[in-house]
Structure formats: structure tokens, C-alpha cells
Amino acid sequence: MPITLDDLRRYAVAHSLFTPTTLKRALHRLGFVQADPIRAPARAQDLILRHRVKDYRVGDLERRYAELGVEEDFFINYGFVTNSIQALMHPRSDSCVPAESRLPWPLARRKRARLLLEFVREHGEVHPRDVDEHFSHGTVRNNWGGSSNATTHLLDAMHYQGLLRVVRRENGIRIYAAHQHGIGPTDAATCRAWIDTLVDVAVRIYAPLPGTSLSVLVRRLRFATPQWQGELTIALQRAKQRLSHARFDGVDWYWPAGEDVSPRATQDMVRLFTPFDPVVSDRARFELLWGWVYRFEAYTPAHKRKRGYYALPLLWRDRVIGWCNLSLKNGDLKSDFGYIKSHPPRDRVFKRERGAELDRMRAFLGLDP
């Protein structure tokens with residue numbers, strides 16, 4: 001039976017929204033959770049996990065970080081990856097943070113990094129403030145044209161290279177310790193196997209993927225493995241041969257090999273997603289699946305926004321039909337909904353489920369019912 005767009009939509013939702021489980025199991029099933037510092041009303045990593053972890057509360061990931069077998073690192077974006085996946089991405093010898101440059105470290109940075117690493121090893125765990133008080137590195141120009149603390153900048157670079165790891169956070173600030181990754185693959189076959197595994201992890205998180213999105217996703221693995229950037233084009237070709245796929249309306253779609261994209265029942269449920277949730281984060285796929293354009297507008301001037309600062313896409317059954325802006329005022333959760341068809345479904349079940357989702361959000365945020 002030919003694959004339909006309805007099949008792909010339902011698979012996208014059901015594949016990603018698995019039955020809620022423990023925090024550790026959810027993290028290891030996902031493999032990677034994207035992070036973002038904006039709180040509206042919570043950070044992206046918490047908003048992603050609340051749909052997939054039973055009784056999840058805002059901040060649980062940060063509170064339990066040390067016991068979960070995950071690390072902060074770059075994958076296709078910055079976020080939290082499992083130890084086993086991180087091991088496939090390192091060592092990144094002499095690599096700059098992705099937004100900086102593809103060039104090797106300058107000699108002066110290597111010298112500062114060596115001294116800083118000795119300091120960290122001596123102290124065990126360090127706060128950036130303590131490092132800055134010792135070295136007084138000053139400021140540097142950051143990638144947004146502003147000024148950044150040079151110590152923080154160097155710590156970020158050393159963390160990306162794998163010389164440091166984040167052991168925990170204090171009030172949102174990374175606390176670092178020295179780290180050394182194992183030896184990478186020593187032969188071409190093992191290298192290809194590691195890259196293919198990383199591709200499959202990414203596909204599993206974001207499937208189903210139109211062909212253009214698959215290409216973008218594989219190219220973004222240059223953040224995870226800058227040392228193998230030149231291998232990603234051929235890795236994409238191997239992926240297209242390995243993955244399950246079908247063509248619908250002129251578009252090739254890909255998903256994990258062996259998984260079934262057959263007709264399945266939908267559930268009467270409303271969900272509000274962070275813009276970075278796997279269900280909605282791919283804007284090209286979003287438009288193909290749900291037939292309208294969604295943009296993240298937090299960095300858009302207020303007078304040019306169409307849907308809001310941090311509009312959360314709204315899922316009803318297997319369709320994203322609108323959005324919601326949430327805010328906290330005097331300890332109460334305020335919601336402002338918008339709909340593509342200008343009005344909500346005229347359905348008592350929808351109204352009930354929308355209320356249930358807001359109740360779940362209040363519980364997640366620790367607000368009084």
C-alpha cells in the first residue's frame with residue numbers, strides 16, 4: 001500500500017512521542033536533547049522532556065545531571081548527549097567552536113589553554129569566575145558583535161575540543177573539570193561505522209525526513225565531528241541506501257531502516273511544543289507535514305512578529321493547528337492561543353484536552369492548580 005501524507009504525519013507524532021518513561025530511559029532512547037537558554041516559560045530541554053518523562057518537573061535534568069549518563073556537548077546543535085554517543089564524536093583535536101572558525105587554534109590560545117588546563121587539574125572542579133580571577137583574560141569580541149568574557153570564551157573552546165567536561169551547573173553557570181577522551185578509530189572502516197551510527201541516531205530523533213532535510217541533518221554533524229567533515233557527503237549517500245524510504249508527491253522521505261510507517265490510530269490529545277522539539281524543529285518538514293509556515297520569532301523585532309516571541313506550536317491529534325504564547329504573571333500561567341483557521345476546533349473534546357495540557361504545564365512548572 002502506498003505511503004500517504006497522513007501516514008507520515010501520524011508516524012512523525014507517534015515515533016517521537018513514545019510512552020513517557022523515566023528520565024534516564026527517555027534520555028537514552030532519544031540520545032540527544034537540544035538545549036536553549038530562553039525560558040518561556042521554561043528552557044527548551046525541559047519542555048522537550050516533559051512530553052517523554054513521567055511526572056517530569058522543570059529543572060529535573062539539571063538537578064539529576066550527574067547521575068544520568070549524559071554530557072553537555074555539540075551534536076547537530078548544542079545540548080545533552082548520552083555518554084555512548086559522545087564517545088563517537090571525539091577526539092576533536094585542535095578544533096574551534098563551530099560558530100568561530102574552521103581554522104586550527106592560534107599558538108597563543110594553545111598556550112593559554114595549557115595553563116588553564118593545569119589550573120583545572122589542580123583544583124578538580126572550577127567555576128568560570130575562579131578561573132577569571134586567577135588569569136584575568138579580559139574580554140573578546142563574540143560572534144554576535146558584542147563583548148564576551150575571554151575566560152568563558154576559552155572554557156567554551158576547551159570544552160568543545162574535549163579538554164574539559166561540564167560536571168554540573170550552579171544557577172545556570174557551567175562548572176568544569178578536566179577530561180580526556182579515548183582514542184578515535186584507527187582505520188577507515190571503523191571511522192565509517194562511527195559516522196553511520198551518528199547519522200542513524202540523528203535520523204531516529206527527527207524521522208521521518210524529506211530528502212533535503214536529511215541532507216541538512218547529516219551536514220550538521222560537522223558540529224559533532226569536525227575532524228570528519230570531509231566524510232559527510234559520502235555518509236549521506238550511504239544513509240540514503242541504508243534507510244527506509246518512500247516517495248510522496250515528488251518528495252523522497254526517509255526514516256530508520258525496518259520501521260513501519262503504516263496507518264495508525266490517532267489519539268485525542270493536545271500538546272504544546274517548544275520550537276526546538278523534534279516533532280516541529282525542522283521548519284521545511286513542518287511546512288510539508290502541516291501545510292503552513294512556522295518561524296521562531298524570539299530574535300525578530302517585536303513589530304514584525306506574526307505569532308509571538310516564543311510561540312509554542314499546538315498539536316491536536318496528528319495535526320499542528322496553531323500556537324500558544326505562555327507567560328507567568330503573579331504566579332499564574334497565562335495563555336494566548338492562535339489558530340491557522342482563525343478559530344479553534346468546535347469540539348468539546350478539543351476544549352477539554354487543551355485544558356488538560358495547560359494543567360500538565362502548570363504541574364510541570366510547579367504552580368498551584
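Begin by selecting D249, which counts as exposed at 71% relative accessibility (exposed means over 50% relative accessible area, buried under 20%, and partly exposed in between, with a 1.4 Å probe and protein chains only). This is a predicted model, in which local features need pLDDT of at least 70 and side-chain atom pairs count only at pLDDT 80 or more, while totals for chains, interfaces and linings use all residues. Residues are numbered from 1 along each chain as its sequence is written, and side-chain values use heavy atoms, with hydrogens and water left out.

**Backbone exceptions**

D249 lies in the loop between strand 9 (244-248) and strand 10 (251-255); helices (H or I, at least four residues) and strands (E, at least two) are DSSP runs, numbered from the N terminus. The phi of D249 is near 50 degrees, a positive value in a residue other than glycine. Most residues other than glycine have a negative phi, and most peptide bonds are trans.

Now select A40 and P41, which are joined by a cis peptide bond with omega of about 5 degrees. P41 is placed in the loop between strand 1 (32-34) and helix 3 (44-49). The peptide bond from H90 to P91 is likewise cis, with omega near 5 degrees, and P91 is found in the loop between helix 5 and helix 6.

**Nonpolar cores**

Select L326 next. Leaving aside residues up to four places away in sequence, L326 touches P41, L272, L312, L333, K334, S335, L358 and M361, where contact means heavy atoms within 4.5 Å. L326 is among the residues with the most contacts inside the largest nonpolar core, which has 62 residues; such a core is a set of buried Ala, Val, Leu, Ile, Met, Phe, Trp, Tyr and Cys residues joined through side-chain atoms within 4.5 Å. A second, separate core of 54 residues includes V13, F273, L315 and V320.

**Two crossing helices**

Display helix 6 (residues 107-123) and helix 8 (residues 150-161), whose axes come within 11 Å and cross at roughly 85 degrees. The axes are lines fitted to C-alpha atoms, for helices over the stretch in contact, and angles run from 0 to 180 degrees between N-to-C directions. The two helices are therefore roughly perpendicular to each other (65 to 115 degrees; under 35 counts as roughly parallel, over 145 as roughly antiparallel and the rest as oblique). Where they meet, R109, R112, A113, L116 and L117 of helix 6 face H153, L154, L155, A157 and M158 of helix 8.

Stay on R109: its charged end sits over the ring of W105, 5.2 Å from the ring centre. The criterion is NZ of Lys or CZ of Arg within 6 Å of the ring centre and within 35 degrees of the ring normal.

**Aromatic pairs**

The charged end of R307 also sits over a ring, that of W323, 4.6 Å from its centre. Rings of Phe, Tyr and Trp (its six-membered ring) pair if their centres lie within 6.5 Å; planes under 30 degrees apart count as stacked, over 60 as edge-to-face and the rest as tilted.

The structure holds 19 aromatic pairs. One of them is F276 with F296, edge-to-face at 5.1 Å centre to centre, with 65 degrees between the planes. F276 lies in the loop between strand 11 (270-272) and helix 12 (283-290) and F296 in the loop between helix 12 and strand 12 (312-316), so the pair ties together parts that are 20 residues apart in sequence. F276 counts as buried, at 11% relative accessibility.
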